[in-house]
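Please keep the sequence and the model in view while reading.

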Amino acid sequence: MNVLFTAGTQFPFARMARVVERVAERCPEWRLVFQAGPGASDSALPGCTTAHANLNVAPMFPQEEFEALFQQAELVVTHAGMGNLLLCLERAKPFFMLPRLASLREHRNDHQRDTAEAISERYGVPVFFELEPLVEAIICVPKEAPPALVLREAIERERRAFAKRLNSLVESL
Amino acid sequence: MRILFAASFGGHWAQLKRVSELLACDERQFVSTAESQHTSADYYLDDFSVREIWRGILQLPRALGIVRRSRPDVIVSTGAAPGLLILFAGFLLGRKTIWVDSIANSRNVSLSCRAACLFATRVLTQWPELETRRVRYLGRLL
């Protein structure tokens, strides 16, 4: 199993590092990749980096490398940042969300909680607020991708409608 | 038609690129932040939050310079504060401006969106539930 974890770029996200540690401990044979964020240090990095041979951690992978790692990943575990959610949904990549919470100083406000809940409702993507259930879900993940074609068609339909109305708005200004 | 697109790097930028693909125009120019992290924009501002507005005000001359040089017919921003600053510069220079609030704001529109309501030509949300007389819903990226 090949899992990509991404913590986003703005604030430290120590809880994601804890998830990586626990999955690494229980699945030593899995290939795990963790993009911890440019400012990640100490608690925002997994403590088992050297113990786990198949764990690849970097603050920020270069764009091309990230792209390749994303392609290879069978499952993505991400904070609820819009960039990653767009990417996962557009490519129909199976993914789980762990939103950053303001109460834990993981973000300025709780918009990630709202986003994750809204996306979960619209597209049926699992969202987690606690670490243990997330770790369990990763370990027991059914290796079944979301129906790519249906998802892509739904997104394209939204965008076509949006594009039409946006263009007439611009023309009317 | 020449459109100037502005957003800070990250999720706002990811949405801006997609919005730009939806709009038919002759020329697209881009303003972003985090110049050290990517080279895909034509102009750059330093990142700041709408809560530290003084850092924005200090960059207003730069924003005005960007709008003057790119001479857009329309300016579109998906946020956050640096995008708002470009829209404001556009407003001062008499350009048409459109704010598209991030799809991440599903419960409330952002503080920057409320600020954009004060001067932008049109203000859009990507959630129909948040539509008001001023903030319109025309569709969404997801």
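## Nonpolar cores

Leaving aside its neighbours within four places in sequence, which residues is A:Ile119 in contact with? In this predicted model, where contact means heavy atoms within 4.5 Å, A:Ile119 is in contact with A:Leu85, A:Leu89, A:Met97, A:Gly124, A:Val125 and, from the other chain, B:Leu142.

A:Ile119 also belongs to the largest nonpolar core, of 59 residues, where A:Leu89, A:Phe95, A:Tyr123, B:Val31, B:Ile86 and B:Leu142 are, with A:Ile119, the members that touch the most others. Such a core is a set of buried Ala, Val, Leu, Ile, Met, Phe, Trp, Tyr and Cys residues joined through side-chain atoms within 4.5 Å, with buried meaning under 20% relative accessible area (1.4 Å probe, protein chains only). A second, separate core has 30 residues, among them A:Phe5, A:Leu32, A:Leu98 and A:Leu134.

## Where the chains meet

Between them, chain B and chain A bury about 2,900 Å² (accessible area, 1.4 Å probe, lost on being put together and summed over both), and 68% of this lies on carbon and sulfur atoms. On the side of chain B, the residues that lose the most area to chain A are B:Leu22, B:Leu138 and B:Leu142, together 26% of what that side buries.

Three salt bridges are found across this interface (a side-chain nitrogen of Lys or Arg within 4 Å of a carboxyl oxygen of Asp or Glu); the side chains of B:Arg107 and A:Glu117 meet in a salt bridge at 3.2 Å, N to O.

## Basis of the values

Residues are numbered from 1 along each chain as its sequence is written, while chains are lettered from A and ligands numbered from 1 in the order in which they are written. Local features need pLDDT of at least 70 and side-chain atom pairs count only at pLDDT 80 or more, whereas totals for chains, interfaces and linings use all residues, and side-chain values use heavy atoms, with hydrogens and water left out.

Definitions and conventions: Buried < 20%, exposed > 50% of the residue type's maximum accessible area, 1.4 Å probe, protein only. Buried area = accessible area lost by both parts, 1.4 Å probe.
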